[in-house]
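Hi,

Here is the structure I promised to send over.

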Amino acid sequence: MQRYLDFNATCPPLRVALEAANKAASEAPGNPSSLHWAGRAARRFVDDARDKIAAYIGTEPGSVVFTSGGTESNNIAIHSVLSVSRPGSIITSAIEHPAVLKPLERFSTASAKEQGWSVTQLRPDTSGVIDADKMIAAISADTRLVCLMLANNESGAVQPVQQVADYCREHGIPMLVDAVQALGKGRLDFKALGIDFMSLSGHKIGGPKGVGVLLVRRGVKLLELSPGGGQERGRRSGTENVPGIAGFAAALGEIDFNAFAPMRDLFEAQMAERLPSASIIGRDAERTPNTSLVILPGMDGETLLMQLDLAGFAVASGSACSSGKRDPSHVLMAMGMSEQMARSSIRVSFGPGNSEEDAMALVDALVTVYQRLRKMAGMAA
Ligand SMILES: Cc1ncc(COP(=O)(O)O)c(C=O)c1O
């Protein structure tokens with residue numbers, strides 16, 4: 001039996017999203033920039049989706065810029081601000097997704113430093129939460145951008161973005177919030193947050209892959225990073241992904257991720273009982289309701305993942321694969337864990353179709369795999 005428990009990686013597309021995407025593709029095959037009837041029909045799908053997303057996130061449709069996903073949204077916001085500002089400091093957290101950390105790397109090279117750039121990455125506490133006061137204390141008059149994610153993709157830990165956002169607004173400092181893992185998991189209100197940019201991605205909530213949104217505060221200018229036909233009011237060129245956009249809007253609000261908290265809690269309670277050496281990251285912190293990040297000391301996360309895969313379970317290990325080499329989880333390393341510990345995690349994320357039975361079955365499988373691996377390593381079971 002196959003069980004999918006990796007919804008933070010992606011949520012398989014919902015039927016409503018596929019139907020909406022199919023409808024848009026078949027009923028409106030024109031280019032949304034074309035003035036004729038076929039183009040206007042496609043434009044209607046894009047506009048309807050924009051209206052729905054704007055209403056859902058608490059902003060006006062003019063703030064919604066369609067992109068190819070969370071990665072592009074983060075990159076557009078970061079480069080749009082930093083390529084036109086004087087060198088200065090960038091304040092972020094060490095637990096951001098690579099879609100934020102990588103684009104910031106070019107501002108921490110030796111030559112960038114010489115020019116006057118600096119990148120400060122704040123570390124979280126042992127629960128995986130950034131201290132808002134420390135982040136605010138790191139901001140200064142020469143800060144050009146602040147980036148803080150709303151919920152971490154590995155641990156699910158919710159970050160204190162409102163407090164930091166309030167400070168940034170008061171001091172006129174641009175702030176980007178990567179809300180990719182928060183969408184659908186709690187109320188999001190872009191205007192109330194008062195930030196300049198927020199990134200969202202369709203495939204985390206059951207929409208099609210390869211479509212996202214960058215929310216841009218009214219009055220904030222976006223630099224067109226890939227100049228072209230001037231779509232999205234000159235803010236992001238390229239013919240809009242009409243079916244993807246329609247599918248994203250259709251998926252919005254369809255999943256109540258809170259419904260998965262009892263499964264996650266059952267999984268964690270059973271883990272604590274049956275594998276007491278396991279530790280659960282951020283259990284006392286506010287977390288997204290479907291996510292559990294577990295450390296199994298002495299185990300290799302990737303080996304666990306592969307063993308669980310053989311047993312039919314799809315889960316994630318915290319470590320990331322870059323150019324064939326496996327890196328330990330940068331999130332756990334930032335929390336002060338050793339490299340070995342940071343390699344011994346698995347992430348379980350629940351979603352539609354999961355049941356408490358899946359949670360129990362996963363614990364059974366983990367206990368079996370754990371004992372087998374310990375035996376193979378010559379350790380007492
Ligand atoms: C927090 C976060 N930001 C950004 C992304 C990238 O989104 P996308 O896959 O749509 O490019 C992800 C995807 O895993 C994510 O979890």
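This is a predicted model: local features need pLDDT of at least 70, side-chain atom pairs count only at pLDDT 80 or more; totals for chains, interfaces and linings use all residues.

The ligand first. Its surroundings include Gly-69, His-97, Met-149, Asn-153, Asp-178, Gln-181, Ser-201 and Lys-204. By type, the shell splits into eight polar, two charged and two nonpolar residues. On its own the ligand would expose 390 Å², and the protein buries 86% of that.

Now the salt bridges, of which the structure holds 18. Arg-3 pairs with Glu-357, with the closest N and O atoms 3.2 Å apart. Arg-3 sits in strand β1 and Glu-357 in helix α15, so this pair ties together parts that are 354 residues apart in sequence. Arg-3 is buried at 12% relative accessible area, while Glu-357 is partly exposed at 46%. Asp-358 joins these two in a salt-bridge network.

Two other pairs come in at 2.9 Å, N to O: Asp-265 with Arg-264, and Glu-339 with Arg-343. Arg-264 is buried at 7%, whereas Asp-265 is partly exposed at 38%.

Last, the surface: Val-84, Leu-223 and Leu-225 make a nonpolar patch of about 240 Å². Leu-223 is in the loop between β8 and α9 and is partly exposed at 32% relative accessible area.

Cheers

Notes:
Residues are numbered from 1 along each chain as its sequence is written. Side-chain values use heavy atoms; hydrogens and water are left out. Patches are made of residues with over 30% relative accessible area and no salt bridge: like charges are joined within 9 Å, nonpolar side chains (Val, Leu, Ile, Met, Phe, Trp, Tyr) within 5 Å. Accessible areas come from the Shrake-Rupley method with a 1.4 Å probe; for residues, only the protein chains shown count as cover. A salt bridge is a side-chain nitrogen of Lys or Arg within 4 Å of a carboxyl oxygen of Asp or Glu. Helices (H or I, at least four residues) and strands (E, at least two) are DSSP runs, numbered from the N terminus. Buried means under 20% relative accessible area, exposed over 50%, partly exposed in between (1.4 Å probe, protein chains only). A residue is near a molecule or strand if one of its heavy atoms lies within 4 Å of it. Ala, Val, Leu, Ile, Met, Phe, Trp, Tyr, Cys and Pro count as nonpolar, Asp, Glu, Lys and Arg as charged, and the others, Gly among them, as polar.
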